[in-house]
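Here are a few friendly notes to read alongside the model. Take them one at a time and find each place in the structure as you go.

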Amino acid sequence: MDKYFETLKTIHLFKNTDENILAFLLGKEGGELVKFKKGDIICSRKSYKKCLSIILEGKVTVKKSEGGSEIIINTLGPGNIFGGAAVFNDTGSFIGTVTAVEKSTLLLIDQPLMSKLFRMDVVLAENYIQFLSESLSFLNKKIDTFVLHGTQERVFRYLKSQTTLNNGCVIPSYSMTKLARFLNIGRASLYRAFDSLEEKGLIEKHGKSITVFCENED
């Protein structure tokens, strides 16, 4: 449990909170520790638990279906969180499908436990509000990807949004055809956008990987 405790300490949600809260979370009356094998579906649009999920070890992908194609929205690793908006939400669906891409361990915190934690430490409640605000900002950036008129800008923003956990490097796990469908552009336009972005020094391709130079964005 010590390694899980150390992982929780690094998460912004628990910044400046009492460490007894973390110990409580990993105790018998705390959250639910669940292990998943590679390929396991953790949750989907219609099959999910209303809980905050914290990745303690491993890696998962968040995918969304669009026009018959499935695309990766995000890749999450130790210390990352998902499902926050679903905890106190009565809508009957989840944002997409979360799949373990390697052996993973998650800490699940349901609504009653979250409410109890907020009463135990108001700082945690404030951090949770900030977490939801940042998640909303991330979603807005995703929406921007689809409403921008310029194909190059749309492609660049999408690539930029995928670099969070990869130190500026994107390794697409889907075909160009699927990506073109997801971004609602033609394949030829997609290839031209990649070539143009590389010529402008905004990206650099190395085989299957793509380095995104975010600092060069206008």
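1. Helix 5 passes helix 6 in a right-handed crossing (the near helix is turned clockwise from the far one by less than a right angle). Helices here are DSSP runs of H or I with at least four residues, and strands are E runs of at least two, numbered from the N terminus.

2. This is a predicted model, where local features need pLDDT of at least 70 and side-chain atom pairs count only at pLDDT 80 or more, while totals for chains, interfaces and linings use all residues. Residues are numbered from 1 along each chain as its sequence is written, and side-chain values use heavy atoms, without hydrogens and water.

3. At what angle do the axes of helix 5 and helix 6 cross? The angle is roughly 110 degrees, and the axes come within 11 Å (they are lines fitted to C-alpha atoms over the stretch in contact, with angles from 0 to 180 degrees between N-to-C directions). That makes the two helices roughly perpendicular, a term for 65 to 115 degrees.

4. Where they meet, R154, V155 and Y158 of helix 5 touch L179, F182 and L183 of helix 6 (contact means heavy atoms within 4.5 Å).

5. In helix 6, residues 176-183, the buried residues are L179, A180, F182 and L183 (under 20% relative accessible area, 1.4 Å probe, protein chains only). They lie on the same side of helix 6, because their arc around the axis is only 165 degrees, taken from the directions from the axis to the C-beta atoms.

6. After helix 6 comes N184, with a positive phi near 60 degrees.

Terms used
Buried < 20%, exposed > 50% of the residue type's maximum accessible area, 1.4 Å probe, protein only. Parallel < 35°, antiparallel > 145°, perpendicular 65-115°, else oblique.
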